[in-house]
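Colleague: I would like a close look at one part of this model, the place where the two chains meet. Please take me through it in one go, and then follow the strands away from it.

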Amino acid sequence: MTGDDTFKIGDRVFRSRLMVGTGKYKTNEEMIAALDASGAEIVTVAVRRVNLDRTKESLLDHIDTDKYTLLPNTAACFTADDAVRTSMLAREAMDTDLVKLEVIGDEKTLFPDNEALLVAARILVKEGFTVLPYTTDDPIMARKLEDAGCAAVMPLAAPIGSGLGIRNPYNIRIIMETVSVPVIVDAGVGTASDAAIAMELGCDALLMNTGIAGARDPVRMARAMNCAVEAGRLAYLSGRIPRKLYATASSPLDGLIG
Amino acid sequence: MKLLLNGEEKVLADGISVLDMLNALEIERRGIAVELNREVVPKGRHEETRLKEGDTVEVIRMVGGG
């Protein structure tokens, strides 16, 4: 990627447009290799109770916090109150103001509860957090989240872990026209082409976890996603040709033999 | 005294500080956070903050996630 093609979240500047999760890997070694292959600068982590049974190995023993910006999430929070509490704990544990805010509305779809999300977002912005909310692909909701002071919006491509790809590219485009904060497509990416399509739409970045961690060869898939995000971004910046029904010759018609 | 720690009932020394509780449980303080009755206890106050009978304490860390 060209060196000057960067995007900002709050005051922080990033070059890689692929953000990755750290869940579901078979081993920590596999996770570290996949993070490296993905080229990501931002990686998400979750907040959970410490084990009291003396198995105390920490994720932070494995992830180089000088190399990666850690983005704590509030995954599995079903109320605004739980999401706010989890964010406060993450800030204390990680000494970061960043939070990927999730308030889940339903266990089967893991779709966000947008009403509760907005409540939590307003509280956390007031508390000084840099809030990245995971939301449905709803332009009106995206506008409300921006108005609430969120540093980005993270519309879903498809349900978390579904691998269905971008189900509604038109909504993603409208969201990009609606808000001026970065649009980070989050969740539902299944393979490299899904990632490229998201980036070709012009979204600022992409966040994925299962698409990489769940692949048969996660490290290779991380590399594929890295390439796809870069390819999609370059294609977006290059301006694709219009779609036409009929052919246009690419070789000159002058000078034909005959 | 009894208190609720990460959802489990625990018996700890009367008036134990947050810091001594963490030490007793062999929990390293790097990368963790403590919540006492739904309020975060900042690291700088672990030593001075004393627990009492019936408190609800959460100790969290970061794990892999998306």
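Modeller: This is a predicted model, and the area buried between chain A and chain B comes to about 2,700 Å². Carbon and sulfur atoms give 53% of that area. Three residues, R49(A), L52(A) and E92(A), supply 27% of what chain A buries against chain B, more than any other three residues. In residue terms, the contact takes 32 residues from chain A and 30 residues from chain B.

Between chain A and chain B the count is five salt bridges. One of the salt bridges joins the side chains of D61(A) and R30(B), at 3.2 Å from N to O. On the side of chain A that touches chain B, strand 4 (42-49) and helix 2 (80-94) each supply at least two residues. Helix 2 of chain A gives the most to that side, with eight residues. Sorted by class, the side of chain A that touches chain B holds 14 nonpolar, seven polar and eleven charged residues.

The two chains also meet strand to strand. Strand 4 of chain A pairs with strand 5 (residues 56-64) of chain B in the antiparallel sense, over five bridges. Within strand 5 of chain B, R61(B) is the residue that stands opposite R48(A). As background, strands of a sheet pair through backbone hydrogen bonds, either parallel or antiparallel.

From there the pairing can be followed into chain B. Strand 5 of chain B pairs with strand 3 of chain B, antiparallel and over five bridges. In that pairing, V57(B) in strand 5 is the bridge partner of L36(B). Strand 3 (residues 32-36) of chain B is mostly covered, five of its five residues being buried. I32(B), V34(B) and L36(B) point one way from strand 3 of chain B, while A33(B) and E35(B) point the other way, and all are buried. Strand 3 of chain B also pairs with strand 4 (residues 39-41) of chain B, antiparallel over three bridges. V34(B) stands opposite V41(B) in strand 4 of chain B. The hairpin of strand 3 and strand 4 of chain B has two residues between the strands, and N37(B) takes a positive phi near 45 degrees there.

Chain A has a sheet with the other sense of pairing. Three strands form an open sheet in the order 6-7-8, and the pairing is parallel. Strand 6 (98-101) and strand 8 (154-155) of chain A are the edge strands, each pairing on one side only. Strand 6 and strand 7 (residues 130-135) of chain A pair over four bridges, and P133(A) in strand 7 is the bridge partner of L101(A).

R17(A) lies in the loop between strand 2 (12-14) and strand 3 (18-21) of chain A. R17(A) counts as buried because its relative accessible area is 5%, under the 20% cut-off. The side chain of R17(A) reaches the backbone oxygen of D204(A) at 2.7 Å. Leaving aside residues up to four places away in sequence, R17(A) touches several residues, among them D5(A), F7(A), M199(A) and R233(A). E30(A) lies in helix 1 (residues 28-38) of chain A. With 14% relative accessibility, E30(A) is therefore also buried. Under the same exclusion of residues up to four places away in sequence, E30(A) touches Y25(A), P218(A) and V219(A).

Notes:
Residues numbered from 1 in each chain as written. Chains lettered and ligands numbered in written order. Predicted model: local features only at pLDDT ≥ 70, side-chain atom pairs only at ≥ 80, totals over all residues. Heavy atoms only, no water. Contact = heavy atoms within 4.5 Å. Buried area = accessible area lost by both parts, 1.4 Å probe. Salt bridge = Lys/Arg side-chain N within 4 Å of Asp/Glu carboxyl O. Nonpolar A, V, L, I, M, F, W, Y, C, P; charged D, E, K, R; others polar. Pairing = 2+ DSSP bridges. Buried < 20%, exposed > 50% of the residue type's maximum accessible area, 1.4 Å probe, protein only. Polar contact = N/O pair within 3.5 Å; in protein donor to acceptor, adjacent residues only side chain to side chain.
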